[in-house]
Amino acid sequence: MSSHPRLLISSTATNGLRTLEDLKASIQGEWSQANWQSVLASAEKALTKGPILIDDVLPDRVQSMVEAKNPDYVVVEAAGQQVLRAALAHLLTGRLEFKASAMDQLKALYDPEVWPDWIDQAHVKFDYPADLRTGMLSQAIGVAYDWLASSLTDEERAWVIEGLNRRGIQPYLDSMEMTPWWSYELNNWSTVIMGGLGIAGMALDGEHPAAQRLIDLGVEVMDKYLLTYGPEGEFNESVGYAG
């Protein structure tokens, strides 16, 4: 099992990858510092506000989604970003309250009574247990786990992995057994779901029995997907998605 972190940030200098120490140095000046201060401020705000819940009222979130307790894009993106910010803030500052904030968000996401579904109600019609929201949350949690892992106890690591397995990995693998259309009709569903679970597999490499399969499936679809771009990088979907 290789060391953590290893996604986007490297624990050791390897092939020119940015190390944790490189990142700590870069946020001391210029535009990186402004970006970091924004991330830190949001992470600190979450210490008081608490985890993002399925029925939270959020900017740009349609009220009907709140009332239906639907895991729409807005609330799923917000929850994923919150756990990522907390994990990054803990990694860079060592402040334990950020680790606790990340774990609190995971507790909410893992509890079916708090977050009933990891699949958008609009996508239930496809009859697959995984969808875009499964991919979004699995990717965010995978990266957050990678950033948190070095500070987690064995019991905490096992707990994070169990929840991700139960709510993200197994529904995805069950869906793949059904040959879902998004596994061969290459579009944003392919990249978000299969790519997202592939990133989760990278985070769990050596720590989950299906990690390599998740990686292989993600690499396979991305190798194919890259061929759909035009000669100048043109996207194969609408302008809105391309943006």
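I began with Arg 133, which forms a salt bridge with Asp 120, the closest N and O atoms being 3.1 Å apart. For a salt bridge I required a side-chain nitrogen of Lys or Arg within 4 Å of a carboxyl oxygen of Asp or Glu. This pair links distant parts of the chain: Arg 133 is in helix 6, Asp 120 in the loop between helix 5 and helix 6, 13 residues apart. I found both Arg 133 and Asp 120 buried; buried means under 20% relative accessible area, exposed over 50%, partly exposed in between (1.4 Å probe, protein chains only).

The model is predicted: local features need pLDDT of at least 70, side-chain atom pairs count only at pLDDT 80 or more, and totals for chains, interfaces and linings use all residues. Residues are numbered from 1 along each chain as its sequence is written, and side-chain values use heavy atoms, with hydrogens and water left out.

I counted twelve salt bridges by this rule. Next I looked up Glu 156, which pairs with Lys 99 at 3.0 Å between the closest N and O atoms. Glu 156 sits in helix 7 and Lys 99 in helix 5, 57 residues apart. Lys 99 is buried at 12% relative accessible area, whereas Glu 156 is partly exposed at 23%.

I then turned to helix 4. Helices here are DSSP runs (H or I, at least four residues), numbered from the N terminus. Helix 4 (residues 73-93) has 21 residues and should span 30 Å at 1.5 Å a residue, and its end C-alpha atoms are 30 Å apart, which agrees. I took the expected span as 1.5 Å times one less than the number of residues. Of its 21 residues, 15 are buried. Gly 94 follows helix 4 with a positive phi, near 75 degrees.

The largest nonpolar core has 67 residues; among those touching the most other members are Trp 115, Ile 141 and Leu 164. Such a core is a set of buried Ala, Val, Leu, Ile, Met, Phe, Trp, Tyr and Cys residues joined through side-chain atoms within 4.5 Å. Helix 4 supplies its largest share, twelve residues.

Note on methods: Helix = DSSP H or I, 4+ residues; strand = E, 2+ residues; numbered from the N terminus.
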